[in-house]
Amino acid sequence: MGKEELQNGYTVMDNGAAGQVQISNEVLTIIAGLAATEVKGVASMGGNITNELVSKIGMRGLSKGVRTTMENGVVNVDLTLNLDYGFSVPKTCQKVQEKVKAAVENMTGLNVENVNIKIANVTMEKGN
């Protein structure tokens, strides 16, 4: 099973006679963005994209605040997040890292080396 970098994506499976499976870089960012916004305490991505807004603006909006790169066969994910006030930053970020790593690895078969997080903002709940 070869994993090579393409111009706009990656080959995640090549089993000869049956053909190749390729995945675009944009798909990796969408997987990472969805996984991150599912964690309690994450208000939105750095581009103010929440899970609720995804259904209105489409999946491509999730790429705001997410950058994925592949080097030497492993994926590195950089996320910019807005967190809800009152949640532990270290604990919330650890959950995001675990969830993003698991989602990308399980859905693509690629190995995730790092999930780096930058906190851009802390938001108050509406009504407070």
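**Close-up 1. Glu105 and Lys101 meet in a salt bridge.** In this predicted model, the side chains of Glu105 and Lys101 come together with an N to O distance of 2.7 Å. Both residues sit in helix H3, four residues apart, so about one helical turn separates them. Glu105 is partly exposed, at 24% relative accessibility, and Lys101 is partly exposed too, at 33%.

**Close-up 2. Glu38 pairs with Lys99 in a salt bridge.** Here the N to O distance between the two side chains is 3.4 Å. This pair links distant parts of the chain: Glu38 lies in the loop between helix H1 (25-37) and strand S3 (42-45), while Lys99 belongs to helix H3 (residues 89-108), and the two are 61 residues apart.

**Close-up 3. Asp78 forms a salt bridge with Arg67.** The closest N and O atoms of this pair are 2.8 Å apart. Asp78 is partly exposed, at 23% relative accessibility. Arg67, at 51%, counts as exposed, because the exposed class begins over 50%.

**Overview. Salt bridges across the whole structure.** How many salt bridges does a search of the whole structure find? The search finds three. Among them is the pair within helix H3, Glu105 and Lys101.

Technical notes
Residues are numbered from 1 along each chain as its sequence is written. This is a predicted model: local features need pLDDT of at least 70, side-chain atom pairs count only at pLDDT 80 or more; totals for chains, interfaces and linings use all residues. Side-chain values use heavy atoms; hydrogens and water are left out. A salt bridge is a side-chain nitrogen of Lys or Arg within 4 Å of a carboxyl oxygen of Asp or Glu. Buried means under 20% relative accessible area, exposed over 50%, partly exposed in between (1.4 Å probe, protein chains only).
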